[in-house]
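Here are some notes to read alongside the structure. Keep the 3D view open and look up each residue as we come to it.

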Amino acid sequence: MKNDGFTLRKRLLSFRYAFNGIKWLIGHEHNAWIHCFAAVCVIVAGLIVRLSAGEWIAVVFSIGSVLAAEAVNSAIEALADVISPDYNEAIGRAKDMAAGAVLMLAVAAATIGLIIFIPKLF
Ligand SMILES: Nc1ncnc2c1ncn2[C@@H]1O[C@H](COP(=O)(O)OP(=O)(O)OP(=O)(O)O)[C@@H](O)[C@H]1O
């Protein structure tokens, strides 16, 4: 956290920490498994129907947004469990809102998927 100068080694280490977080997310969070499975299905379908560059941008951004929101949601849950393992109304609300953020992006991503894929199927 302290500012003791830029080094390439430290920047590379911060990538490693970020990858550790992604590894934990994919290894332990069941919702992330569902999102990853959906992402793989969409990518395979996109390759089959040959999406345009613009369509790929929408798909990639949607997948990235949902997975990133899931990571933030899991981080908030982990912090909340340390801060307040016992029942606490505010903690419950914070967890519900974090989960709501994932749901909003997942619904938006699903809608984008339908807009892109439905015309290609019919
Ligand atoms: N300490 C707490 N105080 C009050 N309510 C809580 C608390 N912990 C969890 N809850 C309630 O239970 C819900 C589920 O919390 P939990 O931590 O079990 O998430 P989860 O089911 O593991 O979520 P996800 O499926 O996204 O991983 C929360 O959204 C919240 O409404």
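1. Let's begin with Ala 109, which is found in helix α4. Here a helix is a DSSP run of H or I with at least four residues, numbered from the N terminus. Ala 109 counts as buried because it has 24 C-beta neighbours inside 10 Å. The cut-offs are these: 20 or more other C-beta atoms within 10 Å of a residue's own make it buried, 12 or fewer make it exposed, and anything in between is partly exposed, with C-beta atoms placed from the backbone.

2. A word on what you are looking at: this is a predicted model, in which local features need pLDDT of at least 70 and side-chain atom pairs count only at pLDDT 80 or more, while totals for chains, interfaces and linings use all residues. Residues are numbered from 1 along each chain as its sequence is written.

3. What does Ala 109 touch, leaving out residues up to four places away in sequence? The partners are Ser 62, Ser 65 and Val 66; contact means that C-beta atoms, placed from the backbone, lie within 7 Å. Ala 109 and Val 66 are 43 residues apart along the chain, yet their C-alpha atoms are separated by 7.5 Å.

4. In soluble globular proteins, nonpolar side chains tend to be buried together.

5. Now compare two helices. The axes of α2 (residues 30–49) and α3 (residues 53–83) come within 10 Å and cross at roughly 175°, so α2 is roughly antiparallel to α3. Axes are lines fitted to C-alpha atoms over the stretch in contact, with angles from 0 to 180 degrees between N-to-C directions; an angle over 145 degrees counts as roughly antiparallel. On the α2 side the contact is made by Asn 31, Ala 32, His 35, Ala 39, Val 42 and Gly 46, and on the α3 side by Trp 56, Val 59, Ile 63, Val 66, Leu 67 and Glu 70.

6. Where does Arg 50 sit? Arg 50 lies in the loop between α2 and α3. With 8 C-beta neighbours inside 10 Å, Arg 50 counts as exposed. Its phi is near 55°, a positive value in a residue other than glycine.

7. Ala 71 lies in helix α3 and, with 19 C-beta neighbours inside 10 Å, counts as partly exposed. Ala 71 touches Gly 21 and Leu 25, with residues up to four places away in sequence not counted.

8. Finally, find the ligand. The residues around it include Asn 31, Asn 73, Tyr 87, Lys 95 and Asp 96; a residue is near a molecule if its C-beta atom, placed from the backbone, lies within 6 Å of it. Which helix supplies the largest share of this shell? That is α4, with five residues.

Methods:
Angles under 35 degrees count as roughly parallel, over 145 as roughly antiparallel, 65 to 115 as roughly perpendicular and the rest as oblique. Two residues are in contact if their C-beta atoms, placed from the backbone, lie within 7 Å.
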